[in-house]
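User: I'm new to this one. Can you put it up and walk me through it?
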Amino acid sequence: IGMGLTGFGVFFLFFGMILFFDKALLAIGNVLFVAGLAFVIGLERTFRFFFQKHKVKATGFFLGGVFVVLIGWPLIGMILEIYGFFLLFRGFFPVVVGFIRRVPVLGSLLNLPGIRSTT
């Protein structure tokens, strides 16, 4: 259930951005994404993840962006959300890049000379 909610949340967020920041789709995507995350890792762990002392700024930007989208300013809200998302999950990006390097086709693309130095 959690992976399905998270997947639908990402889909609605992407579709909302494609349709020129449609408020309703972005709001649905935000709610589904956060609910899916809570279902995947549990309510207590989700709360502990978002409200760690060193992640207060990132959580403020992310949840503030969700709130701004919900009240009707989708472009500003998405900018806040994206910034907060990168602050929250920046520790996971090296792990993701390392995993993608081991995928046959994508790994060879990431190992090209110009791209290797940036990742």
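User: Which residues does UniProt list for "transmembrane region"?
Analyst: The UniProt entry, which is unreviewed, lists residues 5-21, 27-44 and 56-76 under that heading. Keep in mind that what we see here is a predicted model.

User: Step back a bit. How many helices and strands does the protein have?
Analyst: Eight helices and zero strands. Along the sequence the pattern reads α-α-α-α-α-α-α-α.

User: What does the C-alpha trace span along its principal axes?
Analyst: About 45 × 35 × 30 Å.

User: What share of the residues is buried?
Analyst: Buried residues make up 29% of the 119 in the protein.

User: What part of the contacts comes from residues 24 or more positions apart?
Analyst: They account for 47%, counting contacts with a separation of 6 or more.

User: Let's look at α1 and α2. At what angle do their axes cross?
Analyst: At roughly 155°, and the axes come within 7 Å. An angle over 145 degrees counts as roughly antiparallel, so that is how α1 and α2 run relative to each other.

User: Is the crossing left-handed or right-handed?
Analyst: α1 passes α2 in a left-handed crossing.

User: Which residues make the contact?
Analyst: On α1, they include G2, L5, F8, F12 and F15. On α2, among them are L25, I28, F33, A35 and F39. Glycines take part too, including G9 and G16 of α1 and G29 and G36 of α2.

User: What sits in the loop between α1 and α2?
Analyst: F20 is one of the residues there; α1 covers 2-18 and α2 covers 23-41. F21 is found in that loop as well.

User: What is phi for F20?
Analyst: Near 55°, a positive value in a residue other than glycine. Phi of F21 is also positive, near 55°, and F21 is not glycine either.

User: Is F20 buried or exposed?
Analyst: F20 is exposed, because its relative accessible area is 75% and the cut-off for exposed is over 50%. F21 counts as partly exposed, at 28% relative accessibility.

User: New topic. How many aromatic pairs are there?
Analyst: The structure holds 13. One of them is F61 with Y83. The ring centres are 4.8 Å apart and the planes are at 90°, so the pair is edge-to-face.

User: Where in the chain are F61 and Y83?
Analyst: F61 is in helix α4, residues 56-71, and Y83 is in helix α5, residues 74-89. The two are 22 residues apart, and the pair links distant parts of the chain. F61 is partly exposed at 28% relative accessible area. Y83 is partly exposed too, at 38%.

User: What about F86 and F93, how do they pair?
Analyst: That pair is tilted, with 5.5 Å centre to centre and 50° between the planes. F86 is partly exposed, with a relative accessible area of 46%. For F93 the value is 30%, again partly exposed.

User: Which residues do ring pairs link into a cluster?
Analyst: The cluster is made up of F33, F49, F50, F62, F85, F86, F89, F92 and F93. F33 is also among the α2 residues in contact with α1.

Key:
Residues numbered from 1 in each chain as written. Predicted model: local features only at pLDDT ≥ 70, side-chain atom pairs only at ≥ 80, totals over all residues. Heavy atoms only, no water. Helix = DSSP H or I, 4+ residues; strand = E, 2+ residues; numbered from the N terminus. Buried < 20%, exposed > 50% of the residue type's maximum accessible area, 1.4 Å probe, protein only. Phe/Tyr/Trp six-rings, centres within 6.5 Å; stacked < 30°, edge-to-face > 60°. UniProt positions renumbered as here; feature names shortened; annotations may be inferred. Axes fitted to C-alpha atoms, helices over the stretch in contact; angles between N-to-C directions. Parallel < 35°, antiparallel > 145°, perpendicular 65-115°, else oblique. Left-handed = near helix turned anticlockwise from the far one by under 90°. Contact = heavy atoms within 4.5 Å.
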